[in-house]
Amino acid sequence: EAWEGAAELGEVLQPSSSAPPLQASPLARSFQLDYEHNCFRKDGAPFRYISGSIHYARVPRPAWRDRLLKMYMSGLSAVQVYIPWNYHETLPGVYDFTGNRDVEAFLDLTAELGLLVILRPGPYICAEWEMGGLPAWLLWKPDIILRTSDPAYLAAVDSWLHILLPKIKPRLYQHGGNIISVQVENEYGSYYACDHGYLRHLLGSFRALLGSEVLLFTTDSTQVEELRCGTLQGLYSTVDFGPGSNVTEAFGAQRRMEPKGPLVNSEYYTGWLDYWGEAHASTSAAWVAQGLEDMLQLGASVNMQVSPFLQLTSLPWPGADYKDQYKPVTTSYDYDAPLSEAGDPTEKLFAIRTVISKFQPLPVGPMPPATPKYAYGWVALQKVSACPEGCTAPARHCSTGQHPSLSWQYADLLDVLDVLCPSGPIQSQFPLTFEALKQAHGFVVYHTQLPWDVLDPATLDAPPHSICDRGYVMLQKEYQGMLERDGQTTLNVTGRAGDTLDMLLENMGRISFGANTSDFKGLLGNLSLNSRPLSNWLIYPLAIDTAVRQGWPHAALPEPSSGGTVGPAFYTGTFETPGIAWDTFVKFPGWSKGLLWINGFNLGRYWTRRGPQQTLFVPGSVLHIGRPNNITVLELEGAPPIPLLLFLDRPLYNRTLGRSTTATE
């Protein structure tokens, strides 16, 4: 149903008899603002969209159609699509638009299914994504000032936009495509810089590359100062807010910036993200539905965070917030969303669908069902040299019931540095950051030796804010403990002169929202022993993801150097499915913290000890039928004495810091 606007907030918008819809010719495609009647006009007719967000980079490509079809059948007329810059320009001038990164194929699929698109190409997108979508290689220039008029930053932005936006222009609605509007930057008012010159530069670039007809807009919170810094003449100002907000007051904030034009909530929060160590966020379906109905009664256009999904494509991409302290985001991006990370319709989705049906007809036909799940059950992990009692076969060939269809091997991380860092270490008097090493993600090993005998416990200490983000300490390859950003920064150690000291540094995700997105990683300062600086470092940037993707360690793995299960180590093996490849969820009972790959596909971090997330989603599309599935686990702190994995048919999200609560299913 088309709605035209009344001038006053609080008045339900009704079809206007004084402004009859214009009859556009089939060739005159347009999507415009109507300031006189406070609405959008599509091909001359009053128009209001009801939209949902979907992150193609977080959904496996084989599931794109299923997720989009479910959104369409929910009654949505549009989807909002983020484009993460760092997902496509992985190194300066190196672009990847293949496979899961084929954004053009994704956009073409939205058009095929009859969905309009609201595009969010950044360059900054937030999205709880590593560095808000900005590439880590920008920080190779340590003094760069991100999201400002800094010439080095603008040069990189312009280079990227000249690659991306020509792919977008033919898909604009005015050119026969389905993209009706394009957002410039994202929630810029929340950023400290408040650089309107930067926004003017972006406006000029978008206009030059996309043309004068496309509708460009901004999104900010309803705070006065954020709207002042995040808006610019020539960019239509929209707001974002969640259920529980006073809708009239929230849109009143938009009206202070845009006295006329359509009311738009560009991010209506149907759920919220999870941080490691905090309870699983949830928002009631009734609350979400009521807020949506209140906005639609005002004639507003709304985009909902309907369909965020699990970060599936590779480990590095979950980001972090900075709110008085560093808060990394969990692997799962389920978000308590109306469509789950596995693409399952929820009670919340049907509540939203019911509200939408009051304002416009729903598509004819049933909602596609939930994808099938399978609980593959327990699988046992064993070291190369171990096998369950009563089993006489070598562990790597064992096929007893104690660990069915599974063979496992094991190696300490420090024993395979030649595989994980084939180019060899970098020598440096003092530690170097990830950025100085041109290492975007993952892990780096810092290796040195004790310069003197330490017979009495001495304090290994890191300067404040210099561990970014977690450091696993080994002395003579024996695990000593962990140092952490905004946490423990000292350990007591003893040893002899010449003993090896290694620290494995983990990047937990660069800040995607907060005061500053310049989040350098690694050892940002030197370690000291009883206040005496250590020096003469060998630094190993590790390419773990690359090695596993290329088939390591299933081709060959050395015997373990020690018998312990403490400290960073790889566990690897195979299992077979019973003739099906359905979605499943992996639980890590008794494990501490680490990463999981299946068939070379990085399924992300688990952090059983901290929670709340207790399972990792495994899409059926990564599993094999009729041949072994290769599993690789990197455990960072310590595996259980009898390592087991449990494959379930439902997720467990809400179990934090060892305190069990009801599982979210």
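1. Helices here are DSSP runs of H or I with at least four residues, strands are runs of E with at least two, and both are numbered from the N terminus. There is another cis bond to look at, joining Gly611 and Pro612, with omega about 5°. Pro612 belongs to the loop between strand S34 (601-606) and strand S35 (615-618). For background, most peptide bonds are trans, and most residues other than glycine have a negative phi.

2. A word on what you're looking at. This is a predicted model, in which local features need pLDDT of at least 70 and side-chain atom pairs count only at pLDDT 80 or more, while totals for chains, interfaces and linings use all residues. Residues are numbered from 1 along each chain as its sequence is written, and side-chain values use heavy atoms, with hydrogens and water left out.

3. Now the overall picture. The protein has eleven helices and 39 strands. Of its 665 residues, 63% count as buried, where buried is under 20% relative accessible area, exposed is over 50% and partly exposed is in between (1.4 Å probe, protein chains only). Among contacts (heavy atoms within 4.5 Å) with a separation of 6 or more, 76% come from residues 24 or more positions apart.

4. The annotated site deserves a look. The UniProt record, an unreviewed entry, gives "active site" for Glu187 and Glu267; its positions are in the numbering used here, feature names are shortened, and annotations may be inferred rather than shown by experiment. The annotated residues are spread over 81 residues of sequence but cluster in space, with a largest C-alpha distance of 10.5 Å.

5. Taking Glu187: this residue is in the loop between strand S9 (179-183) and helix H5 (196-210). Glu187 is buried, at 11% relative accessible area. Leaving aside neighbours within four places in sequence, its contacts are Arg147, Thr219, Asp220, Asp240, Glu267, Tyr269 and Phe513. The S9-H5 loop also holds Glu185, a non-glycine residue with a positive phi, near 60°. Glu185 is buried too, with a relative accessible area of 1%.

6. Glu267, by contrast, is in a strand, S12 (residues 264-268). Glu267 is buried at 5% relative accessible area. Again leaving aside neighbours within four places, Glu267 touches Tyr82, Arg120, Asn186, Glu187, Val239, Asp240, Phe241, Asn303 and Gln305.

7. On to helix packing. H1 (residues 64-73) and H3 (residues 103-112) pack at about 40°, with axes 10 Å apart; the axes are lines fitted to C-alpha atoms, for helices over the stretch in contact, and angles run from 0 to 180 degrees between N-to-C directions. That makes H1 oblique to H3, given that angles under 35 degrees count as roughly parallel, over 145 as roughly antiparallel, 65 to 115 as roughly perpendicular and the rest as oblique. Trp64, Arg65 and Leu68 of H1 meet Ala105, Phe106, Leu109, Thr110 and Glu112 of H3. Buried residues of H1 are Trp64, Arg67, Leu68, Lys70, Met71 and Met73. After H1 comes Gly75, with a positive phi near 105°.

8. The other pair is H8 (residues 285-297) with H9 (residues 347-357), at about 25° and with axes 9 Å apart. H8 is therefore roughly parallel to H9. On the H8 side the contact uses Ala285, Val288, Ala289, Leu292, Glu293 and Leu296, and on the H9 side Glu347, Lys348, Ala351, Ile352, Val355 and Ile356.

9. Gly514 is in the loop between strand S26 (511-513) and strand S27 (522-523), and its C-alpha is 8.8 Å from that of Tyr192, 322 residues away along the chain. Gly514 counts as buried at 16% relative accessibility. Val566, in the loop between helix H11 (544-549) and strand S31 (569-575), counts as exposed at 52%. Val566 and Glu637 are 71 residues apart in sequence and 5.9 Å apart C-alpha to C-alpha.

10. Last, please check Lys477. Its phi is positive, about 65°, although Lys477 is not a glycine. Lys477 lies in the loop between strand S22 (470-475) and strand S23 (478-484), and at 43% relative accessibility Lys477 counts as partly exposed.
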